[in-house]
Amino acid sequence: MRTDLYVGGAFAPAASGRRFPVVNPATEELLADVAEGEAADVGRAVDAARACFESDGWRKLAPRDRGARLARAADLLEQRADEFARLETQQNGKPLFESKIDVAMTVETLRYYAGWADKITGATLPVSGDFFTYTLKEPVGVVGAIVPWNFPLNLASWKLAPALATGCTVVLKPAEETPLTALLFAEVLEAAGFPPGAVNVVAGFGPTAGAALVQHPGVDKIAFTGSTEVGRLIQRGAADTLKRVTLELGGKSPNIVFADADVAAAVKGAQTAIFYGKGEVCAAGSRLLVERSVHGRVVEELAVRAKKLVPGDPFEKATRLGAVVSKRQQETVLGYIAKGKAEGATLVAGGSAATVNGKGYFVQATVFDGVTPEMTIAREEIFGPVLAVLPFDTVEEAAVLANQSMYGLAAGIWTKDLQKAHRVARAVRAGTVWVNTYNTYDSAAPFGGYKASGFGRDLGREALDGYLETKTVWIAL
């Protein structure tokens, strides 16, 4: 386990000497005291990233060699997959089987962008006159990557892999709740051959380390995943230095079940959509919109499933619902449950805190029926295992309800009618639309939001654009 900052190719304490605790949310036990990075540490990290970016050793490194290092990092991480998965579960509280999926997806992301490193090209342009005109794609520079606590390692790779593939250097600020896998991953990147300063990891808090990274004039771009509230702060903070910003923010994603769907599959999909990852998923299907003729059946079957989804020890093989990430997050989720009850929604499953062996920040799998669009639990992102069910009568009403949100990150559609699926997929304003599935991801498929869910894309070819500048060159003939 690594607990110091990683700056310029070396692990070292914070300049202040301060440290902060990282707690296992399933047991409430102290996992580690981690170095608390602040503005001075961010400054050193940015300087190291800038020095690396401008060095011949990095700038003249062939793109294929950058790709080879990413591929090597994937291999090394795969060899240590069990170690990383266990550490992810310890710091986040998610079931071990989920952490293993996260690590495998991280390996896939590294390999995917390793393949892109030597395939980034410009174009020749058919301009008027006697000129040879072409474009170059060049790295944007030093990237500040700020990632959340729900998928700590995997979401870090969504920023690091395309940034490194394009030739950028990075200062990574992991969430204060879950910095341990990011710090350990620095070992992997170093062993894979990335030079000092190519990647730096500064653990710390948002108002200090995060804000310093956003405001630092030596940072060319901020890549952020997190809440919409913090995304707004980042955009404001980056304005003075005119940084490029990409934001993957919150969601209140609609999951639409039509009467002609395979209802059993839809119910199972709805369970996965909201309870996978304890509901701490930005794209969670937290609003279940159900056609009225099957509404009763769907709610009844979901309630049965939710009651069987008992919180458990994340390291037990049978556990499918772990601990939420912190005491503070548990209190937030329980506060939303209380609001749901107070505003007149009908609680059909869950609704309470839980413990395992008398410890931990667990919340029962919770389902509310009788929800109306104006209720708080239908409007605000809860980021916990809480589902709001709303009925509808027509396709048009379903589309209106789906879009009745400031968010637009993802949506689900369940129907056997392919024409209807295409029509509703076009009508819903969301960055990802799943049909007869939910929470399906691949490194080749871009992911990001509409509206208050942010802008820019992670994953896929599209993610590379956020780390590249386009230079146009004119040559008179």
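Predicted model: local features only at pLDDT ≥ 70, side-chain atom pairs only at ≥ 80, totals over all residues.
Let's begin with the whole chain. There are 477 residues here, and 57% of them are buried. The chain has 16 helices and 24 strands, and its C-alpha trace spans about 70 × 60 × 40 Å along the principal axes.

What about the radius of gyration? For the protein chain it is 23 Å, and because a compact globule with 477 residues would come out near 23 Å, the two agree.

Now, contacts along the sequence. If we take contacts between residues at least 6 apart in sequence, 75% of them join residues at least 24 apart.

Please find helix H6, residues 152-166, and helix H7, residues 180-191. At what angle do H6 and H7 pack? The answer is about 50 degrees, and their axes are 9 Å apart. An angle from 35 to 65 degrees falls between roughly parallel and roughly perpendicular, so H6 and H7 are oblique to each other. As for handedness, H6 passes H7 in a right-handed crossing.

Which residues make that contact? On the H6 side, look for Pro-152, Leu-153 and Leu-160. Facing them from H7 are Thr-181, Phe-185 and Leu-189. Sorted by class, the contact has 5 nonpolar residues and 1 polar residue, with no charged ones.

Note on methods. Residues numbered from 1 in each chain as written. Heavy atoms only, no water. Axes fitted to C-alpha atoms, helices over the stretch in contact; angles between N-to-C directions. Helix = DSSP H or I, 4+ residues; strand = E, 2+ residues; numbered from the N terminus. Parallel < 35°, antiparallel > 145°, perpendicular 65-115°, else oblique. Left-handed = near helix turned anticlockwise from the far one by under 90°. Contact = heavy atoms within 4.5 Å. Nonpolar A, V, L, I, M, F, W, Y, C, P; charged D, E, K, R; others polar. Rg over C-alpha atoms; globule rule 2.2 N^0.38 Å. Buried < 20%, exposed > 50% of the residue type's maximum accessible area, 1.4 Å probe, protein only.
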